[in-house]
Amino acid sequence: MMRHRKAPGVDPRIAPEQGVSRDGQPLSYNRAPAVELAPWIGRIYITKVLAPADYTLSCGLFNDVACLRVQLAGAWQADTADGPLIAGRSALLFGPQTHRMPIRVTGSFISIGVTVRPGACTALKGPRLTQILDRAVPTGLAGLDENAVLARFAPDGSPEDWACALEDLFRERIAATGAREPDPLTVQFEELAFRSPAMTIAEAARACGVERRRLERTVQRDFGVTPKQVFRRARALDMASQLRGVADRAEAEDIMLRYYDESHLIHEFIQLFGMAPRQFVEAPQPLLTLTLESRQARRLEELDRIAPGAVRPWEVPQD
């Protein structure tokens, strides 16, 4: 099943300022948050891409968690559950996605974002995740004024300057809401989704030491979808990361074995990504690859397979 690895397609018209992977895939500046923010924040990323002014990049996004996205430059459009959303410089809260969200961006762009860990949106007085699945909503629904958010990011700032500004924003929100840390059961289930998304829900409940019904209620509240959907999506995102060359190749065999056979893989990919795996590899997927790479870096760090800040398996070591 997918034994012969093929180099994933690359779009030569865009130039990511943070470099590329061994396979030429675009990379962002992304890192773990400050230790005291880790219960609420999953990952911080900054993407700067140069492209011809008249070039429109058609791609997609697929996030398994809510994400605060700040667009500092670039004209973009997203096909959300509420219909087409057209914007330029903006700050929006994206809900978790149940499938690939088509995105189009014209010209060069700068995107800054932070992923919100499961359970943290509720703790920070944000909207219910079940109400924002596959949507992008005003930051006001999370208690954050859009203009005030945008004002934090100087146009000539460095990626680390912007990352620190995001951390300060969340420090203030945590202090203002008195946010509790997410439910330990939610944290435990997220770790299972990273480590073993092929297990059954009954096995997951036993691993978490709770009744299945309690696990299902908690996951629905804090992930916005059912435990089965969380695992199915996690399998697909790990497989997609392997296909795009932004994953640990040492895991490739184990990740493929999460699918019964190639027809199972093809069926799931078409449902979640809107295309078969072969097409997914051949077509350039720069925006989606950036999302996958950031998630995979966090996953490997959370599972203690790489140290925070260490060279990732898909990166070219710097001299």
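Helices (H or I, at least four residues) and strands (E, at least two) are DSSP runs, numbered from the N terminus. This is a predicted model, in which local features need pLDDT of at least 70 and side-chain atom pairs count only at pLDDT 80 or more, while totals for chains, interfaces and linings use all residues. Residues are numbered from 1 along each chain as its sequence is written, and side-chain values use heavy atoms, with hydrogens and water left out.

**Exercise 1.** Find how many helices and strands the chain has, and compare its radius of gyration with that of a compact globule.

*Solution.* Begin with the elements: there are 11 helices and nine strands in the chain. Next, take the radius of gyration over C-alpha atoms, with the globule rule being 2.2 Å times the number of residues to the power 0.38. For 319 residues a compact globule would have a value near 20 Å, and the 19 Å of the chain agrees with this. Finally, 55% of the 319 residues count as buried (under 20% relative accessible area, with a 1.4 Å probe and protein chains only).

**Exercise 2.** Locate Y259, decide whether Y259 is buried or exposed, and identify the backbone atoms that lie beside polar atoms of its side chain.

*Solution.* Y259 sits in the loop between α8 (252–256) and α9 (262–273). Its relative accessible area is 3%, so Y259 is buried. Turning to its side chain, a polar atom of Y259 lies 3.4 Å from the backbone oxygen of R235, and a polar atom of the Y259 side chain lies 3.2 Å from the backbone nitrogen of A236.

How values were computed
Buried < 20%, exposed > 50% of the residue type's maximum accessible area, 1.4 Å probe, protein only. Polar contact = N/O pair within 3.5 Å; in protein donor to acceptor, adjacent residues only side chain to side chain.
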